[in-house]
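Work through the exercises below with the structure open. Each task is followed by a solution in steps.

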Amino acid sequence: MTDLTAFWSYLSEGPLLWLALTLLAYAAGDACFRASGRKPYVNTVLVAVVILAVILWATGTAYGTYFEGAQFVHFLLGPATVSLALPLFDNLGQLRRAALPVAAALLAGSATAAASAVAIAWALGVRGEALASVAPKSATAPVAIGIAERIGGAPTLTAVLVILTGITGAVVATPLLNALRIRDWRARGLSVGVASHGIGTARAFQINPTAGAFAGLGMALNAVATAFIAPLVVALFR
Amino acid sequence: MIHSLLVLLACQLAGEAAARLLGLAVPGPVIGMLLMLGLLAALPGFAARVRPTAEGILANLSLLFVPAGVGVVGHISTLGTQAVALLVALVVSTVLAIAAAAAAFVLVARLAGVGDD
């Protein structure tokens, strides 16, 4: 028993166990997704996050300890963002031809995301710091956090809202766009990237490469657009 | 693989440097993506060399959000007493934003005559 306890404290303090568990939870999430017949609400990220949250809670492990191992995965977000240039490059011809619809979708999506989120939260009684934290939630995390700081929001709250927005977008996109009878992969991808950043983009890549490329483009464009739109929206509700 | 990883990291590094030096609101990796796009367009044959690594990373893009997602669980309590209001705002606005963006795209594509192919 003491040996086991000593072994556990040795393992749980190092990065190896948590890195392995992160990959294992993701593999389990992916297996659930496939077993469900690729149902959008069985989201791989969501399943993996729930599994890991339960493990951390059950073993009384601090997030900081977990992140010692998980940081190796987290770090790859940067190179992955740079990698999005490749599908963009592959679809450059399509993108050039679709410049007008892309601009229209970006404006409509970005303004709707910020304005409707703030308006609904305001109508439900949210005020002050929390209200400003909602406005940039459709932008990719580092951008959203930077914007929240500038417009008087709480960065931690914004980070939570950004991740939850991403998961929401990844879950609702397929049934929603099917119900709206939108079959154009460019429109489907771009709208998901604009509304739900990288997590939505990851979901789009699971479905179709053109949708993935346009989602990556939507995410990048909305990172810029939200920096202008979110402060305007918050000013309206002050 | 080492060379293409180096290229990805170099673009990110240049992007971070540009974001800091010029005080841009756009994050370094997004600027790095634009630099990478410039390289791909300027150098013939470059795409074929970085493709295996870049596509390998992108194929597992979802995995990379798991650590941040786990961090969020611990902060769910920061939603506080307004949790329900914030969650309703978040879900409804995300649905509206996807619908608005997709509808705007399809409408303008039709008007401009740039249909799907």
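Buried means under 20% relative accessible area, exposed means over 50%, and partly exposed lies in between. Keep in mind that this is a predicted model.

**Exercise 1. Classify B:Arg51 by its relative accessible area: buried, partly exposed or exposed?**

Step 1. Take the value. B:Arg51 has a relative accessible area of 26%.
Step 2. Compare it with the cut-offs of 20% and 50%.
Step 3. Assign the class. With 26%, B:Arg51 is partly exposed.

**Exercise 2. Which salt bridge does B:Arg51 form with A:Asp90, and where do the two residues lie?**

Step 1. Find the contact. The side chains of B:Arg51 and A:Asp90 meet in a salt bridge, at 2.9 Å from N to O.
Step 2. Check the distance. A salt bridge needs nitrogen and carboxyl oxygen within 4 Å.
Step 3. Place the residues. A:Asp90 sits in helix H6 (residues 85-90) of chain A and B:Arg51 in helix H3 of chain B, so this pair joins two chains.
Step 4. A:Asp90 counts as partly exposed, at 41% relative accessibility.

**Exercise 3. Which residues are linked with B:Arg51 in a network of salt bridges?**

Step 1. Look along the helix. B:Glu55 forms a salt bridge with B:Arg51, and the closest N and O atoms are 3.0 Å apart.
Step 2. Check the spacing. Both residues lie in helix H3 of chain B, four residues apart, which is about one turn of the helix.
Step 3. Classify the partner. B:Glu55 has 40% relative accessibility and counts as partly exposed.
Step 4. Join the pairs. A:Asp90, B:Arg51 and B:Glu55 are linked in a network.

**Exercise 4. Are A:Arg186 and A:Asp184 buried or exposed?**

Step 1. Find the pair. A:Arg186 forms a salt bridge with A:Asp184, with the closest N and O atoms 2.9 Å apart.
Step 2. Read the class. Both A:Arg186 and A:Asp184 are buried.
Step 3. Note the total. Over all chains, the structure holds four salt bridges.

**Exercise 5. At what angle do H2(B) and H3(B) pack?**

Step 1. Take the geometry. Helix H2 (residues 28-42) and helix H3 (residues 46-59) of chain B pack at about 135°, with axes 8 Å apart.
Step 2. Name the arrangement. H2(B) and H3(B) are therefore oblique to each other.
Step 3. List the contacts. B:Met36, B:Leu39 and B:Leu40 in H2(B) meet B:Phe46, B:Ala47 and B:Val50 in H3(B).
Step 4. Sort by class. This contact has six nonpolar, no polar and no charged residues.

Technical notes
Residues are numbered from 1 along each chain as its sequence is written. Chains are lettered from A and ligands numbered from 1 in the order in which they are written. This is a predicted model: local features need pLDDT of at least 70, side-chain atom pairs count only at pLDDT 80 or more; totals for chains, interfaces and linings use all residues. Side-chain values use heavy atoms; hydrogens and water are left out. Axes are lines fitted to C-alpha atoms, for helices over the stretch in contact, and angles run from 0 to 180 degrees between N-to-C directions. Angles under 35 degrees count as roughly parallel, over 145 as roughly antiparallel, 65 to 115 as roughly perpendicular and the rest as oblique. Contact means heavy atoms within 4.5 Å. Ala, Val, Leu, Ile, Met, Phe, Trp, Tyr, Cys and Pro count as nonpolar, Asp, Glu, Lys and Arg as charged, and the others, Gly among them, as polar. Buried means under 20% relative accessible area, exposed over 50%, partly exposed in between (1.4 Å probe, protein chains only).
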